[in-house]
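Have a look at the model on the screen, and I'll walk you through a few pieces of it.

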Amino acid sequence: MFDFAIAGVEAPVFLLALVGLTVGIVGGFIGVGGGYMVTPALIVFGFPGYMASGIDMTHICGKGLVSSVRHRQLGNIDWTLALSMIAGTMLGVELGVRLLVYFKHLGISGVVLLMTSVGLMFVLFLYTQIETRRAHKQMEQMEKEGKEVGREVQTSNLPMLFQRIPLAPIIRCRTARVIVSMWVIVLVGMITGVLAGFLGVGGGFVRVPALVYVVGASTHVAVGTDLVEIVISGAYGALRHSIEGNVDMMAVLFMIVGAMFGAQIGSIATSYVRGPAIRYILSYSLILATLGAALRLVYVLTGQNVQWLSLAAVMLTLGEMLFLCLFISSLVYFAVRRRGGKWVPDWVGPLVI
Amino acid sequence: MAEIHRGRAAFKFGFWLAVSVALFGYIIHSYTSGQMIQWYYYTASLDGYAVDANLSMSATKDKPVVLNIAKQDEVKGLVAIPVAKGDRLPRNANGVISLVELKSGKRAVLEGQTIKVTVPWQIKETKGFKFKDTFKHKGIRTNPWSGAWNVAMVLCLGLSLGLLAEGFTDIMGLKLDKIQHGH
């Protein structure tokens with residue numbers, strides 16, 4: 001146990017590092033900050049809600065940078081895409097925060113926030129799951145026919161639709177291998193920024209699917225590029241939280257130590273899998289987070305009287321972290337086996353390289 | 001796997017290890033020496049009495065904790081030091097009992113030259129979770145520069161740890177190739 005003088009609580013250092021490690025693995029793999037997982041965990045450890053949010057946001061900024069360094073080495077960052085999106089993201093975050101303040105003023109921010117989270121994440125889960133299953137089947141077919149399967153297989157027609165918009169300036173994103181109107185990228189940044197600012201999260205779980213299904217980037221590039229956005233929006237959030245006095249740097253420090261190892265595992269793991277495998281993990285992460293948010297919504301709508309709902313939401317969130325880490329580890333394990341010419345389950349084969 | 005220059009990898013690892021250790025040492029020293037805490041409990045954000053909230057945590061309505069109002073530079077024992085909005089907080093103060101709180105009399109009452117704390121804890125709800133709320137952290141304003149310091153430190157840490165890990169995998173011979181997207 002460590003006495004966190006600023007947060008005013010005693011909390012287990014080992015568990016903080018463990019949370020950093022697990023969220024580092026998941027975040028490095030699917031390109032999300034993991035705020036929806038870390039904040040409840042910190043509250044369970046005894047941190048007040050405002051401190052949990054502040055510590056989470058500051059740690060996300062550092063962890064995002066650790067992951068970004070590795071994704072840069074793997075060539076997963078498209079700087080043109082990242083830089084074009086920044087202005088839209090920042091503007092969107094500010095708009096989102098103002099929208100939240102407006103709903104707070106109306107006294108319905110909690111319910112609106114949870115309903116938006118549940119609705120949005122469920123729609124994203126459905127679309128990602130359906131599209132990824134289609135891509136998975138296509139890859140299985142290609143393998144059966146003896147055709148070479150690339151690192152990315154995507155079956156959505158949406159990117160072509162958006163890439164046809166002839167609004168100047170048209171920019172070329174070399175790493176993502178995409179030619180698209182800059183306004184599409186700015187708009188993606190702005191809309192995901194509004195959601196991030198409104199929901200109080202980094203926005204990775206919206207931005208990664210948006211980069212894949214709207215801009216047309218490959219999943220790996222979407223993950224790497226999104227992490228750069230997370231560093232920037234995380235730094236802004238960390239500054240705001242720090243000025244408000246919501247950050248205990250020692251807690252951040254312990255979490256970053258865990259995240260350093262986790263981010264390496266998660267980032268390097270992306271080089272062992274094909275795009276659809278990352279999208280599968282993203283979609284499972286979305287549905288589990290949706291269930292957690294739905295439980296919290298029912299808890300709020302029932303006047304916060306049914307205590308087990310709140311506990312179940314926390315348990316689900318913590319279980320989700322463990323499940324996703326095991327899923328990612330097993331994919332890497334099977335990828336290594338496959339490279340060695342050993343047996344792997346049929347459904348895993350097309351997902352790994 | 002890309003070609004690995006062991007000497008360069010060892011230098012990279014050593015350099016970023018030194019930077020990371022220096023950053024860790026500096027942050028831990030700033031925390032344990034009390035510098036960060038002084039930045040945190042920087043000024044009063046409202047009019048009231050600066051206190052050491054930890055000392056009143058055992059208070060109940062039957063057995064209130066009595067704080068003596070005194071004008072001094074440091075909170076020592078059961079004292080409450082009057083502060084105005086914007087005043088630098090005295091040493092060891094970790095919260096401010098506001099005049100508004102005292103007027104309402106729900107958790108603390110002003111009686112002559114003493115403050116009687118009767119309810120130090122209250123249960124608050126946030127994002128569907130419950131947590132205990134005390135006078136600690138209340139009525140304070142953090143040094144805004146500490147925010148910039150926090151962000152600078154966390155960015156430096158992220159960068160140094162990221163490059164340290166990269167150096168480590170280089171030494172271990174795990175230097176990774178860039179993925180050729182679209183091929």
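Strand 3 (residues 170–173) and strand 4 (residues 178–181) of chain A pair antiparallel over four bridges. Strands here are DSSP runs of E with at least two residues, helices are runs of H or I with at least four, and both are numbered from the N terminus. Two strands count as paired if DSSP finds at least two bridges between them. Across from A:Ile170 you'll find A:Ser181 in strand 4 of chain A. The two strands make a hairpin with four residues between them, and A:Arg177 in the turn has a positive phi of about 55°.

A quick word on what we're looking at: this is a predicted model, where local features need pLDDT of at least 70, side-chain atom pairs count only at pLDDT 80 or more, and totals for chains, interfaces and linings use all residues. Residues are numbered from 1 along each chain as its sequence is written, with chains lettered from A and ligands numbered from 1 in the order in which they are written.

Over to chain B, please. Here there is an open sheet of six strands, in the order 5-2-4-3-7-6, with mixed pairing. Its edge strands, each pairing on one side only, are strand 5 (95–98) and strand 6 (108–111) of chain B. Inside that order, strand 2 (residues 48–51) and strand 4 (residues 79–83) of chain B run antiparallel, joined by three bridges. One of the pairs to click on is B:Ala50 with its bridge partner B:Ile81.

Now, how do the two chains meet? The contact takes 47 residues from chain A and 38 from chain B, with contact meaning C-beta atoms, placed from the backbone, within 7 Å. On the chain B side, helix 4 of chain B gives the most, with 17 residues. That side divides into 21 nonpolar, twelve polar and five charged residues. For those classes, Ala, Val, Leu, Ile, Met, Phe, Trp, Tyr, Cys and Pro are nonpolar, Asp, Glu, Lys and Arg are charged, and the others, Gly among them, are polar.

Last stop: back in chain A, the axes of helix 8 (residues 204–215) and helix 9 (residues 219–243) come within 9 Å and cross at roughly 140°. Axes are lines fitted to C-alpha atoms, for helices over the stretch in contact, with angles from 0 to 180 degrees between N-to-C directions. So helix 8 of chain A is oblique to helix 9 of chain A; under 35 degrees is roughly parallel, over 145 roughly antiparallel, 65 to 115 roughly perpendicular, and the rest oblique.

Conventions:
Contact = placed C-beta atoms within 7 Å.
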